[in-house]
Amino acid sequence: MFVKFAELPVFDQDRAIAFYTEKLSLTVAADVPYGLGDWRWVELALPGARTHLHFIRRPDEKPSDLPILVLVAEDLEATVERLRSNGAEIITEPQTAPWDRDTLYAEFRDSEGNRIVVNQE
């Protein structure tokens, strides 16, 4: 068993696609019309993972207070620097996680205001 997709709330699908493909090297696995209006079924693939990110409609652009997603990177420092150099807002600089002394973590905000955690285990 595995998780097919995790839902990620977004306001602007094109802006979110650009953020995740350009800043984190995800690829578009699906982008097709879905239902009425201009909303599409969008799934992004993470390198080496079976689980995709699926965009759901976000009701507003208010930044999230709590993390909405946790990613794991092989090189946290390099990931944070890539995000910073591409203009992402870094909320928490890389540091030891208070919940596990063997884990480093950082936090950033995506183009849609979502708070994202990145761990290096």
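Modeller: Two strands pair if DSSP finds at least two bridges between them. Strands (E, at least two residues) and helices (H or I, at least four) are DSSP runs, numbered from the N terminus. This is a predicted model, in which local features need pLDDT of at least 70 and side-chain atom pairs count only at pLDDT 80 or more, while totals for chains, interfaces and linings use all residues. Residues are numbered from 1 along each chain as its sequence is written, and side-chain values use heavy atoms, with hydrogens and water left out.

Colleague: In what sense do S2 and strand S3 pair, and over how many bridges?

Modeller: S2 and strand S3 (residues 40–45) are antiparallel, with 6 bridges. Within this pairing, Thr27 has Ala45 in S3 as its bridge partner.

Colleague: In what order do the 4 strands of the open sheet stand?

Modeller: The order is S1-S4-S3-S2, and the pairing is mixed. Strand S1 (5–10) and strand S2 (27–33) each have a single partner strand, so one side of each has no neighbour in the sheet. From one strand to the next, the twist averages 25 degrees.

Colleague: Which strands does H1 touch?

Modeller: Contact means heavy atoms within 4.5 Å. H1 packs on the sheet and touches S1, S2, S3 and strand S4 (52–57). The direction of H1 makes about 10 degrees with that of S3; axes are lines fitted to C-alpha atoms, for helices over the stretch in contact, and angles run from 0 to 180 degrees between N-to-C directions.

Colleague: Is Gln13 buried or exposed?

Modeller: Gln13 has a relative accessible area of 5%, so it is buried (under 20%; exposed is over 50%, partly exposed in between; 1.4 Å probe, protein chains only). Gln13 lies in helix H1 (residues 13–24). Beyond residues up to four places away in sequence, Gln13 touches Asp38, Trp39, Arg40, Val42 and Phe55. A polar atom of the Gln13 side chain is 2.7 Å from the backbone oxygen of Arg40.

Colleague: Which residues touch the most other members of the largest nonpolar core?

Modeller: In soluble globular proteins, nonpolar side chains tend to be buried together. A nonpolar core is a set of buried Ala, Val, Leu, Ile, Met, Phe, Trp, Tyr and Cys residues joined through side-chain atoms within 4.5 Å. Here the largest one has 25 residues, and Leu8, Tyr20, Phe55 and Phe108 touch the most other members. H1 gives the most to this core, with 5 residues. Leaving aside neighbours within four places in sequence, the contacts of Tyr20 include Leu8, Leu44 and Ile116.

Conventions. A polar contact is a pair of N or O atoms within 3.5 Å; within protein, one must be able to donate a hydrogen and the other to accept it, and residues adjacent in sequence count only if both atoms are side-chain atoms.
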